[in-house]
Amino acid sequence: MGLQPTYEPPKMAVKLLSLVCKNDLFEEIEGDLYEYYQGKRKEKSKPVANLYYWFHMLNFLRPFAIKKLGQNSNTIIMCRSYFKFTWRGMLRQKLQTSFHLLGLIVAFCVCGFIYSHIKYESSYDSFLDNADDIYRVAWMNENPQTRTPHPMAQALVNDFPEVIDAVSISPIYGPGLTKTTIPLRNEKREVGFNEPNGYFADSTFFDVFSFKAVEGNPDKALRKPFGIILSESMAKRYFGDEEAVGQMLSFMGNPDMLEVAAVIEDAPKNSHFHYNFLISYVTLKSLQFNDPWMSWDDFGHFNYLKLAPGTDAKAFEAKIPDWAPKYLDWGEESLASLKAGDLKFELQPVQSIHLHSNIRWELEANGSYSYLLIYGISALFILLISIINFVNLNTAKAAQRLKEVGVKKTLGAYKSQVFSQFIFEALFTTFLALVLSFVAMYMLEAPFNQLVNGNISFADLYQTDVILLLLSITIVTALLSAIYPSFYLNSFEAGQILKGLKLSKLGGNNVRNGLLAVQLIAAIVMISGSLVIKHQITFLKEKDLGFKQDNLMVLEVDGYDPRTKLVKTELLKNSAVTGATAVSNIPGGQFNQHPIYAENNPSERVDASEMFVDDDVAEVLGLKVLEGRMLSKAYAADSAGRSFVLNQSAINQLNLTDPIGKQLVWEDNENLVKGTIVGTVEDFHFRSLHEPIRPMIMLMQPLNSNFMLVKVNPTDLSQTISKIEADYKEVIADGQFSYQFLDTEIQDLYKEESRTLTLITLLSAISILLACGGLLGIISIVIKQRVKEISIRKIMGASASQILWLMNFKYLLIAGISLLIAVPVSVYFMKDWLSNFTYQIGIDPLAYVLTAIAVLFLIGFTITLISMKTVKSNPVNALRSE
Amino acid sequence: MKGTQLGEFEELVLLVVGVLFPEAYGLNIREEIINQTKRKVAIGAVHSALSRLDEKGFLESELAEGTHERGGRRKRLFKITASGKQALEKNHELRNSLFSQIPEMALKIV
């Protein structure tokens, strides 16, 4: 019979069908499709027929035709049984299971949180386009600073092809370099605020910083005199939903002086500075503002550069000392030290500013790398402790499952199947913990942020790298905990096991004890570390600062307003006010500085922070006058700003003996102020304790007052405050009354420390609890193995204390060895950490004694607690059945 | 109770199985449906209905010899069972009885 050749349908489709289709339906279905294909091929071209075939094949992907999962698959059936075993095992030992899960969940949560915190802190400024090529020019001398001369930015662009763009910015400072607030007002809507975070900026601002425009053209805006650029949120506050561009704002009481030229997005949270509004330097220059502030002499601006991609910043930095003298009008000596590298312009990568730069006049308080390191190490320690717990408990449990493995083997299980069951169980637990930890993190996000004053968001955790990291940790943990028991149990013959093999000893004791020691070392390092940190931070918070910070209200005032003096007299009438003084800067804040030198010795120049003060500053702040007198309006020279009071450091650094009456020159930029030293005060910490006390000069310039320090009686504080507000409003009806307390302001300087203290205390508590919990688990298993031994000892006459000592001895020994290893490690690292501080309390040996006692006690307590039941029970019960 | 209901498409398939007796199998059932009703039907849909009818006991089937145009694969031939016949009759009667109850007026005004 001459059969016609048939057409072959697309192979892929047939293959796919055979994979998914039920076996008993496959033949008829494939046959129908085959026959159908023959018909189609006779009518249509091959590709079209193929398409039809595919269409109908895919149409078979319906429940009735698709293979049921596990219909005939051994693997799936086995997995189901593994799951059953796992589930039943977990339910049988609820306490142990929940401890396993809890430990892993805590560790995963801690790691997740700390990871995202670290990630957030190190993400600063990475949102900028070309962030890798943007640098800030800092000035490095013995007291490094962020600020450099204004013309430098443009000069660098002009002279070096490597510098593509540069911008000079400066916060709008008030007198004495306090970041000031500017009264701005929208007259039309009658909305006005004291607006902080205003910046002067070059027209090149947006060439360097890629902040996006929301309205208007920001590039043009910065070229226009009397234009102002607002942040989006600020525009909302002043103009609501109206279009802001083209509208007018009043500036410091000058009606409608500025025109809104553009609105730009708010700087992201992880920016090292935040602006509310920008005003161009062009506006300043158009005012014929011939201030030396804009010259090469004044290191008073923040200069940022954008280098060409691939430029070696260090190599470029090295070119600056040869280039700068062409602009700097300096003496030979200074230029020589610039060349020698004692003085240096340094390029700071913009992304490292937040974590690595902590020099004078940072735009905002920066983070600290060393604290992040502490967080990271603590999180790793907790993870390590938790993983060891899981591994240790799982291996210790192995002996309990000997019979199960025996039966399985008799029924024909391969070694690999025993192994995969253990793996499955471990994976199941760890994955369950992982999932639950995500739930926990979701719920704990807000409390955690509150606790550490952080900015992490749960959404950050849904990143590929985080998930991959956690997944790999999960899998490795599971593998580690499953490998030992499965190999160990696999090593016995099935018959041997069922005949009644008794494990005289739990295998792997050495490994387990070693891991236990590692856990304890981690916990001890953390506890002792947190004690040292606690000492240091308490020391910082409680150190005598050399002035009295309690019950001091800080009011914002304007020295140029003649009514400010009246405020003081009015306030002093209040019986609850025991003193008031107007100053330019408050302790803990920023201070401006200029060089001073004795008139007869101009070569000995010292940079001194300056504070413009009023009559009563010494009484209000509780400063100690060492020699001479404080300033007073009673002396004409004092009022004219030609009498100076110096602190002890200034006297020492100027090498002055018998300073009272000596002539001193205060170099206020180009304006040399000559005056007499009339008094000296004892050093006080006018900056945070992160910095040493530097020279300070006090003089009177009443116009430059920014704050009124008001000493109040702490009883009935709220009433006093409202009285003070009423008094203030009575004198300055149109003013904004705002106040703070000096001690809270000063506490704010140590925010980072407080956060670290809370976190590290929490983390070290978790670490020791986890370590003890793990120990508890192991001991309870070990003790079950030794019930008979203990009972025999009791019968032979051992006392309870002897038996307890026997149980405790080995673990106390391990703890002792761990202490011997951990203490030097901790001392080494804490010394290193303490060296970051100018004022250190040093390492108190008591911290280590306390840690040792606490650890030994906790271990002894744990073991005794768990052994008591066995020790107390009647030995007959344990011995009567064999 | 499962097995008592006969869906619209299932009924159609069941009828066609009867029409094509004794040579009813997936592909020619589909062709017959397309020819008689002008509906577009996928092969999978027919098989799905057949397997449901089989489950409900309205159809029985046996495998026939493979043929050349099927590349040697056997086909499954379907026959209506007694309960299938019952179900068809029940549906048929129900319709007839309902149709006869429609008053003439109702059909006239349409």
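Colleague: Why is Asp716(A) called exposed?

Modeller: The model is a predicted one, in which local features need pLDDT of at least 70 and side-chain atom pairs count only at pLDDT 80 or more, whereas totals for chains, interfaces and linings use all residues. Residues are numbered from 1 along each chain as its sequence is written, and chains are lettered from A and ligands numbered from 1 in the order in which they are written. Asp716(A) has 11 other C-beta atoms within 10 Å. A residue is exposed with 12 or fewer such atoms, buried with 20 or more and partly exposed in between, the C-beta atoms being placed from the backbone. Asp716(A) is therefore exposed.

Colleague: What makes Asp125(A) buried, and what makes Leu470(A) partly exposed?

Modeller: Asp125(A) has 20 other C-beta atoms within 10 Å and therefore counts as buried. Leu470(A) has 18 C-beta neighbours inside 10 Å, so the label is partly exposed. By the cut-offs already stated, 36% of the 882 residues of chain A count as buried, and in chain B 27% of the 110 residues do.

Colleague: Which peptide bond of chain B is cis, and what is its omega?

Modeller: The bond from Phe21(B) to Pro22(B) is cis, with omega near 0°. Pro22(B) lies in the loop between helix H1 (8–19) and H2 of chain B.

Colleague: Why is the packing of H5(A) against H16(A) called oblique?

Modeller: Helix H5 (residues 94–121) and helix H16 (residues 415–452) of chain A pack at about 50°, with axes 8 Å apart. Angles under 35 degrees count as roughly parallel, over 145 as roughly antiparallel, 65 to 115 as roughly perpendicular and the rest as oblique. The axes are lines fitted to C-alpha atoms over the stretch in contact, and angles run from 0 to 180 degrees between N-to-C directions. H5(A) is therefore oblique to H16(A).

Colleague: Which residues make the contact, and how do they divide by class?

Modeller: Two residues are in contact if their C-beta atoms, placed from the backbone, lie within 7 Å. Among the residues on H5(A) are Leu104(A), Phe108(A) and Gly112(A), and those on H16(A) include Leu434(A), Ser437(A) and Met441(A). The classes are 14 nonpolar, five polar and no charged residues. Nonpolar covers Ala, Val, Leu, Ile, Met, Phe, Trp, Tyr, Cys and Pro, charged covers Asp, Glu, Lys and Arg, and polar the others, Gly among them. Leu470(A), in helix H17 (residues 464–490) of chain A, touches both Phe108(A) and Leu434(A), when residues up to four places away in sequence are not counted. The C-alpha atoms of Leu470(A) and Leu434(A) are 7.8 Å apart, although 36 residues separate them along the chain.

Colleague: How do you know that chain B is more spread out than a compact globule?

Modeller: Chain B has five helices and two strands, in the order α-α-α-β-β-α-α. Its radius of gyration is 17 Å, well over the 13 Å that the globule rule gives for 110 residues, so chain B is more spread out than a compact globule. The radius is taken over C-alpha atoms, and the rule is 2.2 Å times the number of residues to the power 0.38. The C-alpha trace of chain B spans about 60 × 30 × 20 Å along the principal axes.

Definitions and conventions
Helix = DSSP H or I, 4+ residues; strand = E, 2+ residues; numbered from the N terminus.
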